[in-house]
Amino acid sequence: MAIHYVKDGQVVTITIDRPEARNSLDLEHFGQLADSWTRFRDDDDAWVAILTGVGDVYCVGADLKSFIPRVTEEADKLRAGGSTQTVEGSRYTYAHSLVAVLRDGAVHPDTGEEFTLYKPVIAAINGICAAGGLEMMWNTDLRVCADTAWFQLAEPRRGLFPGGGSTVQSVRQLTWCHAMEVVLLADRISAERAYEMGLVNRVVPRDRVLAEARQLAETICKNGPLAVRACKRSAKESTFLPLKEALANEMSYSASVFMSEDAKEGIQAFKEKRAPVWRGR
């Protein structure tokens, strides 16, 4: 099992443990990671997830020796809808890889429905974050980075296209020139430069990465879970909507949260000068 899932309180830590392949992912490991996200999504008592790697590598994306050659050879079949068909010798499909990296619009092959995750995800970037690892990082919400880590969208260097969302997410999350620095230069970006660009929230010594990520997770857990998920969902959906529609969409979530039991508990706890007890309803 190269993908570890550990729940401690309301925080889940998912760890990529494949050091012999620099924490790259083949079909089985993409599938295991997709399973982990589904498990996290469906657990009402799991509020925040932390994604990290082992050693000095966070993730370098798809395995160039096993996964990419298969995709290249079967590109026509995948384009024709074969991505949701189970691969011979495995219980997973190529579509699981899109769920694994939390790509917007990914369809879960087990249900045929679009996979959405509105619970917060924190990237604890312990080392090298390159290619598909960087593409996966776009889909996290908060990012803690080791001072020894570096980033690289390496696909163009190999004549490949970064189809995991980088050409879309980079221009939505960064300024235009910073986005182009990532996707056109395809060069290494230091931890310090990543912080300057707004790519990460924190830069800390490597032995402090998980602790810092955990602290952020515990801070989130002080907030009402319904409110947190509604905030993320409204923010995500607003990127696909015109301003007027986005504001109307936001108002609908505002109304539902204000009518919740948690909202009443938050006000009562404030009056009684105590910590709230969230029920998630």
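These questions and answers concern a predicted model.

Q: Is Ser24 buried or exposed, and at what relative accessibility?
A: Ser24 has its place in the loop between β2 (11–16) and α1 (27–42). Leaving aside neighbours within four places in sequence, Ser24 is in contact with Arg18, Val60, Gly61, Ala62 and Asp63. Since buried means under 20% relative accessible area, Ser24 counts as buried, at 5%.

Q: Why do the buried residues of α6 lie on the same side of the helix, and what arc do they cover?
A: The buried residues in helix α6 (residues 166–173) are Ser166, Gln169 and Ser170. An α-helix has 3.6 residues a turn, so residues three or four places apart point the same way. What covers the buried residues of α6 includes α5 (132–137) and α7 (176–185).

Q: How many of the five residues of strand β7 are buried?
A: Strand β5 (residues 121–125) runs parallel to β7 and is joined to it by four bridges, while β7 also pairs in the parallel sense with strand β10 (residues 202–204), over three bridges. Strand β7 (residues 142–146) is largely enclosed by the rest of the structure, because the number of its residues that are buried is four.

Q: Which residue of β10 is the bridge partner of Val144?
A: Val144 belongs to β7 and is there the bridge partner of Ala124. The pairing of β7 with strand β10 (residues 202–204) is parallel, and in β10 the bridge partner of Val144 is Arg202.

Q: What is the relative accessible area of Ala100?
A: Ala100 is found in helix α4 (residues 95–100). Not counting residues up to four places away in sequence, Ala100 touches Phe30, Leu33, Ala34, Trp37 and Met136, and its C-alpha atom is separated by 8.3 Å from that of Ser36, 64 residues apart along the chain. Ala100 is buried, and its relative accessible area is 0%.

Key: Residues are numbered from 1 along each chain as its sequence is written. This is a predicted model: local features need pLDDT of at least 70, side-chain atom pairs count only at pLDDT 80 or more; totals for chains, interfaces and linings use all residues. Side-chain values use heavy atoms; hydrogens and water are left out. Helices (H or I, at least four residues) and strands (E, at least two) are DSSP runs, numbered from the N terminus. Buried means under 20% relative accessible area, exposed over 50%, partly exposed in between (1.4 Å probe, protein chains only). Contact means heavy atoms within 4.5 Å. Two strands pair if DSSP finds at least two bridges between them.
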